[in-house]
Amino acid sequence: MKEERVLTLDNYEYGVVVNALNELRNDLIKDDKPTDAVDELLLKTIDAPTKKQKRRSYNEAR
């Protein structure tokens, strides 16, 4: 059974994660090691959907 986890990141944290994964990938390439797992995780991170915040419409009662 596949276990799913959800992380909530702000824009800064998202950038840190993408940068860290990219640095890890670059280090693996430099050491001539396979990057398949990091590539897959990096693509999942980049393609992850954003959660839209609910906003009240102008006519909605308060």
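These legends describe close-up views of a predicted model. Residues are numbered from 1 along each chain as its sequence is written, and side-chain values use heavy atoms, with hydrogens and water left out. Because the model is predicted, local features need pLDDT of at least 70 and side-chain atom pairs count only at pLDDT 80 or more, while totals for chains, interfaces and linings use all residues.

View 1. Thr45 belongs to helix 2, residues 36-47, where helices are DSSP runs of H or I with at least four residues, numbered from the N terminus. Thr45 counts as buried because its relative accessibility is 14% (buried means under 20% relative accessible area, exposed over 50% and partly exposed in between, with a 1.4 Å probe and protein chains only). A polar atom of the Thr45 side chain lies 2.8 Å from the backbone oxygen of Leu41. With neighbours within four places in sequence set aside, Thr45 is in contact with Tyr14, Val17, Val18 and Leu21, contact meaning heavy atoms within 4.5 Å.

**View 2. The salt bridge between Asp39 and Arg25.** Asp39 forms a salt bridge with Arg25, and their closest N and O atoms are 2.5 Å apart; the term stands for a side-chain nitrogen of Lys or Arg within 4 Å of a carboxyl oxygen of Asp or Glu. This pair links distant parts of the chain, with Asp39 in helix 2 and Arg25 in helix 1, 14 residues apart. Arg25 is partly exposed, since its relative accessible area is 27%. In the whole structure, a search finds two salt bridges, and the next view shows the pair formed by Glu3 and Arg5.

**View 3. The salt bridge between Glu3 and Arg5.** Side chains of opposite charge can pair when their charged atoms come close. Here the side chains of Glu3 and Arg5 meet in a salt bridge at 3.0 Å, N to O. Glu3 is exposed, because its relative accessible area is 59%, and Arg5 is exposed as well, with a relative accessible area of 71%.

**View 4. Glu13 in helix 1, with Glu3 for reference.** Glu13 lies in helix 1, and because its relative accessibility is 36%, Glu13 counts as partly exposed. Although Glu13 and Glu3 are 10 residues apart along the chain, their C-alpha atoms are separated by 23 Å.

Methods: Helix = DSSP H or I, 4+ residues; strand = E, 2+ residues; numbered from the N terminus. Polar contact = N/O pair within 3.5 Å; in protein donor to acceptor, adjacent residues only side chain to side chain.
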